[in-house]
Amino acid sequence: MPKEQTKSFVLRVDARTMEAIEKWAADEFRSTNGQLQWIISEALKKSGRLKK
């Protein structure tokens, strides 16, 4: 199986949002980056834009 490619990009969020994401990530034992990847993936799946 080929390894899944990842791409990097800059994301700007306000401090209040970032604090909430960091707390959520800590609550679920994820890194902040991992939490953001999970949030985006779940939103894409829910909208039908990414197959499960």
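Below is a chat about a predicted model of a protein.

Me: What secondary structure does the protein have, helices or strands?
Reply: Two helices and zero strands. Helices (H or I, at least four residues) and strands (E, at least two) are DSSP runs, numbered from the N terminus. This is a predicted model, so local features need pLDDT of at least 70, side-chain atom pairs count only at pLDDT 80 or more, and totals for chains, interfaces and linings use all residues. Residues are numbered from 1 along each chain as its sequence is written, and side-chain values use heavy atoms, with hydrogens and water left out.

Me: What share of the residues count as buried?
Reply: 10% of the 52 residues. Buried means under 20% relative accessible area, exposed over 50%, partly exposed in between (1.4 Å probe, protein chains only).

Me: And what does the accessible surface come to?
Reply: About 5200 Å², with 55% of that belonging to carbon and sulfur atoms. Areas come from the Shrake-Rupley method with a 1.4 Å probe; for residues, only the protein chains shown count as cover.

Me: Switching to aromatics, how many pairs are there?
Reply: The count comes to one aromatic pair. The rings of Trp24 and Trp38 have centres 5.6 Å apart and planes at 85 degrees, so they are edge-to-face. The rule takes rings of Phe, Tyr and Trp (its six-membered ring) with centres within 6.5 Å; planes under 30 degrees apart are stacked, over 60 edge-to-face, the rest tilted.

Me: Which parts does that pair tie together?
Reply: Trp24 lies in helix H1 and Trp38 in helix H2 (residues 32–46), so the pair links parts that are 14 residues apart in sequence. Trp24 is partly exposed at 35% relative accessibility, and Trp38 is partly exposed at 30%.

Me: Which residues form the nonpolar patch on the surface?
Reply: Phe9, Leu11, Val13, Ile40, Leu44 and Leu50, with about 530 Å² of accessible area together. Patch residues have over 30% relative accessible area and no salt bridge; like charges are joined within 9 Å, nonpolar side chains (Val, Leu, Ile, Met, Phe, Trp, Tyr) within 5 Å. A salt bridge is a side-chain nitrogen of Lys or Arg within 4 Å of a carboxyl oxygen of Asp or Glu.

Me: Where is Leu11 found?
Reply: In the segment before helix H1 (15–27). Leu11 is partly exposed, at 48% relative accessible area.
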